[in-house]
Amino acid sequence: MIEFQAVTKRYPDGTVAVDNLDLTVEDGGITVFVGPSGCGKTTSLRMINRMIDPTAGRILLDGKDVRESQPARLRRGIGYVIQHAGLFPHRTVLDNVATVPVLTGAGRRAARSRATELLDLVGLPAGLAKRYPAQLSGGQQQRVGVARALAADPPVLLMDEPFSAVDPIVRDDLQQQLLRLQSELDKTIVFVTHDIDEAIKLGDRVAVFRVGGVLAQYDSPAALLAKPADEFVSSFIGRDRGYRALGFLAAKGIDLAPVARVPVGTPVSEARAKLTDGWAVVVDESGRPLGWVSEDVLSAMDSSDAVGSDDLISGGTLYRVDAEGGGTAGTLRNALDAALSSPARLGIAVDAAGAVVGGISADTVLGALAAARDSGEVPI
Amino acid sequence: MDQGPGRDGAPVNVFELVWAWLTDPENWQKNFRDLGIPARILEHLTYTGLAIVFAVMIAVPIGIYVGHTGRGGFLVVGVANWFRALPELGLVILLVLAMGVALALQALTIVLVALAIPPLLAGTYSGLRNVDPEVVDAARGMGMRERDIVWRVEVPIALPLMLGGLRTATLQVIATASIAAYMGLGGLGRYVIDGQRFGTLEGYTMMAGGAVLIAALAIVVELTLAGVQRLVVSPGLRNRKFSRRETRVRTKPVEKTEVAIS
Amino acid sequence: MRWIWDHIEELLATSWVHLGLALIPVLVGLLISIPLGWVAHHWRTARAILVPVSSLLYTIPSLALFVLMPLVLGTRILDPINVQAALTIYTVALLVRSVADSLDATPKDVIAAATAIGYGPTRRFFAVEFPLSVPVLVAGVRVAAVSNISLVSVGAIIGVGGLGLYLTAGAQLTPPNYAEIIAGIVLIVLLALIVDGLLVLLGRLLTPWTRARAGTVRR
């Protein structure tokens, strides 16, 4: 557990980077520090491993003031990941990851085999071990950085904007990977970012900082979206707050509407007979959706023809009923988006195998939201 | 002067003469005129080696300290650039005369060390300054002690520029050691000075021969050091351009104190 | 000190000679290096030949090169042309690499923008690529100029004129004329510093965009 007690950092020229911070980071979860430039989030993070020392107040790590430990020794027990990874260019990837174990006295061979395990854990191919950082892509370098931080199996991991320097697709991938890792390893992670969406996506608890080092709100992401503490937090969170909040409500037990299913290759006349409300979803042999056909499309075709994949209208996003394998499937937001993005009035619901199990309408989702409010699931 | 009248009046090819001088086995062993080429080479290398060793012992620690802490960098850059202006001949003459002929070797060494320090200092300093600050931050954040950060991270990364400084310094010293003969010392410069005293074609042949030897020695030493650099520098550091960072934006421009060759 | 005052005119005259010996090679060398550097920048095989050869030539100590020039050029040994030719070679060896590197370092988006605007390759070179490489060139020319001023003095060993002659003349007297020697050294260093300073000013004049900094434009 990490405790900030009345922590202040004031610089000689008068700037206050952190202003009287009181905050407790619970064990075993991802706590995100988020805010605009100059809000003190990075400064606060760096005070945990004594890269910066506070001007006033103290920081306790598992009950012990960090100032009582010798800096180098303290840091060996804390993982540290920074924005551009900061890999040692003169060492191979493997030796980079093995750095802290060697530093703490492990033999080189033991350290290297541990490093190999970690490279596998972060999803890097074994062939990269003998390469040098300059030969890796940005995303790969970040993963090595994470592996290096985990090498000595520290209970605490500090991450300073680790995914900010890569492109959005790679970033998404790295975020998924972090969530996966965390579910396996259950570390105490303190994560700094300037991106509120990243904070909401990753954080179990999110601390929003204001410029000048003041803590504005410290809450769960759902509470943050539902009840921002003030004007600043609300505008920092941005638009579509309500819609994004739906992402935290599970859509279990939501009623599915019946939807017409037409296997691909069905003759047009048969297909026309099956249409419900003028629409049907075309599926493959496994029942997976390929697209929609409508009354208009079918009437323009020859009755003797069969429904082929060229005739389809593309569908919207899919709502996964079973949220297996992680991700944001199975939430009300997911269901609503499926309904809204569909060309027909129904969104397509699929099971874990991807086969169509039914349709979902926007009304049903909003009804489920009302029910959630009534039952107290939505934070007020 | 590749054709000139020889002693018997027939035109002579000076290239051939020089080649003959260089391949004459008598010149390669001690004879009545001179100690022989191998001995001169050894003298030259000794002057060079001695000076470089002392210069490294002085310049590298200072360069590492200033490069790691960043204090005094301005001084280093300034000094390194201005030293290039000092005339080698003048320094050699001045010091040998001032200290007396008996201490000629010591005087020469002082001059050589003084000339070798600026490039070594500049190379070491800029090598350490050019280490990515994020790498140093990561190293510190991982729990490395300051001295480990310097020796295990900063110096290995700075090695290419440090060795560049060493190469420049060595060349400078070899060149100045060639002049040492003017003040009565040995080395390959001996052939240039002695040959000049004869004043004839035969004399010029000796001068040119000496010049070829000096050039060859310099090239061989440079190639050897380049080879050492290849061996010693981590493969992960090859092909790095220091003046271009396309992947990140730096707020401070990268400092280069010398226009480095190769 | 008296000696210096007595010979002040002679010293100044020799300084001019010295500057000529040192700086004409810089000018000639620069003029040769620019096209050569462009060639090295443009064709990879040219670069693969020119750069190592330059490095090799630069490695040769000045005394050796001065002595070998008569052999190569067919001149008398006392001809100052030997020193100037050798210094031109050094300058070219130094600057070819500078020119090639600085052309390589021109930001690609600037070149693309210039081409898109409609500059043909030649005009683009003179209007965009070359001006942007001036700072690096100026740095190289400074090194070349300062080294040359110092190296001319080595020519005194083989009897070529310039301030180096004061060094050798002073040394040959018994007792040695320290005033002459020190005057020689000081003047050489002074010349080098003055020339360096002038080149810095010239560089700033030629590149007004490097002087401007964000926030200096008043609204």
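Is R140(B) buried, partly exposed or exposed? R140(B) is partly exposed, at a relative accessible area of 24% (buried is under 20%, exposed over 50%, partly exposed in between; 1.4 Å probe, protein chains only).

The model is predicted: local features need pLDDT of at least 70, side-chain atom pairs count only at pLDDT 80 or more, and totals for chains, interfaces and linings use all residues. Residues are numbered from 1 along each chain as its sequence is written, chains are lettered from A and ligands numbered from 1 in the order in which they are written, and side-chain values use heavy atoms, with hydrogens and water left out.

**View 1. Salt bridge between R140(B) and E146(B).** The N to O distance is 2.9 Å (a salt bridge is a side-chain nitrogen of Lys or Arg within 4 Å of a carboxyl oxygen of Asp or Glu). E146(B) is partly exposed, at 38% relative accessibility.

**View 2. Two contacts between D284(A) and R288(A).** The side chains form a salt bridge of 3.6 Å, N to O. A polar atom of the D284(A) side chain also lies 2.7 Å from the backbone nitrogen of R288(A). D284(A) is buried at 14% relative accessible area, whereas R288(A) is partly exposed at 39%.

**View 3. Salt bridge between D95(A) and R108(A).** The closest N and O atoms are 3.5 Å apart. The pair links distant parts of the chain, 13 residues apart: D95(A) is in helix α3 (residues 93-97) and R108(A) in helix α5 (residues 108-121) of chain A (helices are DSSP runs of H or I, at least four residues, numbered from the N terminus). D95(A) is buried at 16%; R108(A) is partly exposed at 46%.

**View 4. Salt-bridge network in chain C.** The network links R47(C), R97(C), D101(C) and D104(C).

Definitions and conventions
Polar contact = N/O pair within 3.5 Å; in protein donor to acceptor, adjacent residues only side chain to side chain. Helix = DSSP H or I, 4+ residues; strand = E, 2+ residues; numbered from the N terminus.
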